[in-house]
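Trainee: I would like to learn how to read salt bridges and helix faces. Can we work through a case?

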Amino acid sequence: EAVQGLETAVARTVTPLSAFLVDGASGHNQRFEASIREVDVRLKGCSGSACHGASGRSGAMAESLAPYIQGIRDRAAIVFGGGDSPTEQGKVQVLHEINQQSEEANRRLERMMSALLLRGTFLQEKSREVSQRASNLILVTSSLVLALAAMGAWFLSRRLLRHVDALLTGTRKIMQGELGYRVSVTQSDEVGQLAGSFNAMAQELQQHREHLERIVDARTVELRQAQDSMVQSEKLASIGLLAAGVA
């Protein structure tokens with residue numbers, strides 16, 4: 001856009017010069033000054049642009065236009081300088097020189113435009129390559145994340161299942177009467193707390209059974225003593241009956 005605007009501004013500088021050489025009317029000088037100021041502004045803007053990145057090629061190409069713009073300005077000074085009016089042949093000569101400067105500037109602007117278009121095509125291709133690499137990178141990263149997530153889930157499930165299997169084994173041991181069986185507590189998370197609760201329950205059951213066994217043993221001793229007393233009493237009764245019979 002900057003190059004197109006510069007090309008248009010250069011073309012506008014020739015119009016007031018040609019019109020002045022043809023009719024010599026006033027006002028063309030002001031139009032030329034306005035046009036040449038616009039060319040200077042656009043030339044500075046184009047030379048300071050970064051459309052070619054760090055190469056600075058557009059700045060160098062824009063600066064190469066300065067001599068031709070200065071040539072147009074010099075010939076305009078001759079045309080608008082006043083003094084004796086140039087002859088028809090002189091007018092044609094000056095107009096020819098101005099057109100040559102303008103055509104050379106336009107050729108350079110066309111080359112500059114072509115270079116910019118090539119640069120744009122190159123950058124578009126690079127952009128497509130970067131987009132493709134970014135897509136591939138996203139795909140690879142997503143695959144790695146999914147693989148890591150699957151592996152993490154597998155390890156976590158294996159870890160949880162191992163602790164759950166240990167608790168199931170402990171439950172079966174308790175059901176079979178092995179109240180002294182304990183589950184190993186290797187961590188302090190929820191699973192570790194569950195294992196600790198299981199061991200506390202097993203400990204309480206074992207203590208309760210031992211207490212019941214002591215009570216049963218005490219009652220058994222008492223019953224055995226009562227049975228022995230009854231047997232002794234029966235023996236004494238038999239002896240009494242036998243003595244009574246003898247008497």
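Trainee: Which residues are linked in a network of salt bridges?

Mentor: First, note that this is a predicted model. Now the general idea: side chains of opposite charge can pair when their charged atoms come close. Here, the network links Arg12, Glu38 and Arg42. Take Glu38 and Arg12: their closest N and O atoms are 3.4 Å apart. Glu38 belongs to helix α2 and Arg12 to helix α1, so this pair ties together parts 26 residues apart in sequence. Glu38 is partly exposed, at 24% relative accessible area. Arg12 is partly exposed too, at 43%.

Trainee: How many salt bridges does a search of the whole structure find?

Mentor: The search gives 8. Among them is Glu104 with Arg107, at 2.5 Å from N to O. Both sit in helix α5, 3 residues apart, about one turn of the helix. Glu104 is buried, with a relative accessible area of 18%, whereas Arg107 is partly exposed at 38%. Arg128 and Glu125 also form a salt bridge, at 2.5 Å. They too lie in α5, 3 residues apart.

Trainee: Now helix faces. Which residues of α4 are buried?

Mentor: List the buried positions, then check their directions around the axis. In α4 they are Tyr68, Ile69, Gly71, Ile72, Ala76 and Val79. They cover an arc of only 155° around the axis, so they fall on the same side of α4.

Trainee: What is exposed on the other side of α4?

Mentor: Pro67 and Ile78 are exposed there. The helix itself spans residues 66-79 and reaches 20 Å from first C-alpha to last, close to the 20 Å expected.

Terms used:
Residues are numbered from 1 along each chain as its sequence is written. This is a predicted model: local features need pLDDT of at least 70, side-chain atom pairs count only at pLDDT 80 or more; totals for chains, interfaces and linings use all residues. Side-chain values use heavy atoms; hydrogens and water are left out. Helices (H or I, at least four residues) and strands (E, at least two) are DSSP runs, numbered from the N terminus. The expected span of a helix is 1.5 Å times one less than its number of residues. Buried means under 20% relative accessible area, exposed over 50%, partly exposed in between (1.4 Å probe, protein chains only). The arc is that of the directions from the helix axis to the C-beta atoms. A salt bridge is a side-chain nitrogen of Lys or Arg within 4 Å of a carboxyl oxygen of Asp or Glu.
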